[in-house]
Amino acid sequence: APPTSISVLAADTPAPFSRYQAQNFTLVCVVSGGKPAPLVYFKRDGEPIEATPLPEPPAGAGSWAPRNLLHRDLDDTKVPKSLAAEGEVGGGRPPATADPPRGLAAERGPVTETIPETVVSREFPRWVHVAEPIYYFRHTHAPVSDGTVEARATLTWTLNPQIDNEALFSCEVKHPALSMPMQSEVTLVAPKGPKITMTPTRARVGDTVRILVQGFQNEVFPEPLFTWTRVGSRLLDGSAEHDGKELVLERVPAELNGSMYRCTAQNPLGSTDTHTRLIVFENPNIPRGTEDSNGSLTGHCGFRLVLALTLTVILELT
């Protein structure tokens, strides 16, 4: 029976990017439906990878990973260096933005603005090796109830964002029942240019605002990790940051007008920041100056409402 499916995925995703510490990275190739077990191997940019085989994991070690094996390949005499020491140009971050205006905005202009900022691979410190990476390979297979075999192959190496970004990796399978090898491939790519939308586009006091990352200017692999922060302050709920593709601001008050929010998207190959500004307009259903920090009516307004109802009842009784 020939294999029926093949896929390549990244282990431990989503995972953050580290600018100052070497990270190990693992690709996993899963092949299902074959009988007998197929032969699985990896290629990089179309060339077969010569990898050091790893032993079978010990019995009962469900989460075994060859991470400690790579430590001996790192040069302990090298320490992270600053960008200035390396002679790199550009710091990757734009100059500080002037404080946004306070108060309610006039009905004019766009309600959001985007300030892209991307960390590119050439700005990384040069602690990473310039030599060819050392790959480690492990191949296991397990029987399935229908008599076929599920094969798993892992490829692990010390990631170098300077040379691994946009590298094409493929997993190929040879099997007696196949006339030609099966193949699945992925390209390692850092995120670039997040596309952010805000709903509603014209937020008013008391509205619930949703800011969502809809995609990127490029195909990203592995899956990115998203983190939201408010520039210069905490988020509306008091937290320092929020994880996920979407940030929800419930019942926005007037005080958030002009506030700026940063979305950081990162994977092991790099990170990118995108900023968006929240513009809050007056709400005709809420009198100006009657909303509290949560965008709801103040106690004074409630007192006036109770007083009006009381006077109405008295007039009706008399």
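Trainee: To start, is C263 buried or exposed?

Mentor: C263 is buried, because its relative accessibility is 0%. Buried here means under 20% relative accessible area, with exposed over 50% and partly exposed in between, using a 1.4 Å probe and protein chains only. Bear in mind that this is a predicted model: local features need pLDDT of at least 70, side-chain atom pairs count only at pLDDT 80 or more, and totals for chains, interfaces and linings use all residues. Residues are numbered from 1 along each chain as its sequence is written, and side-chain values use heavy atoms, leaving out hydrogens and water.

Now for the disulfide, meaning a pair of cysteine sulfur atoms within 2.5 Å. By that rule the count is 1, and it joins C29 to C171 with S to S at 2.0 Å. C29 sits in strand 2 (residues 23–34) and C171 in strand 9 (residues 168–174), so the bond ties together parts 142 residues apart in sequence. The S-S torsion of C29 and C171 is about -80°, so this disulfide is left-handed. C29 counts as buried at 0% relative accessibility, and C171 is buried too, at 0%.

Strands are DSSP runs of E, at least two residues long, numbered from the N terminus, and two of them pair if DSSP finds at least two bridges between them. Here 4 strands form an open, antiparallel sheet in the order 4-3-9-10. Strand 4 (47–48) and strand 10 (182–187) are at the edges with a single partner each, so one side of each has no neighbour in the sheet. Strand 3 (residues 39–44) pairs with strand 4 over 2 bridges, antiparallel, and K43 has P48 of strand 4 as its bridge partner.
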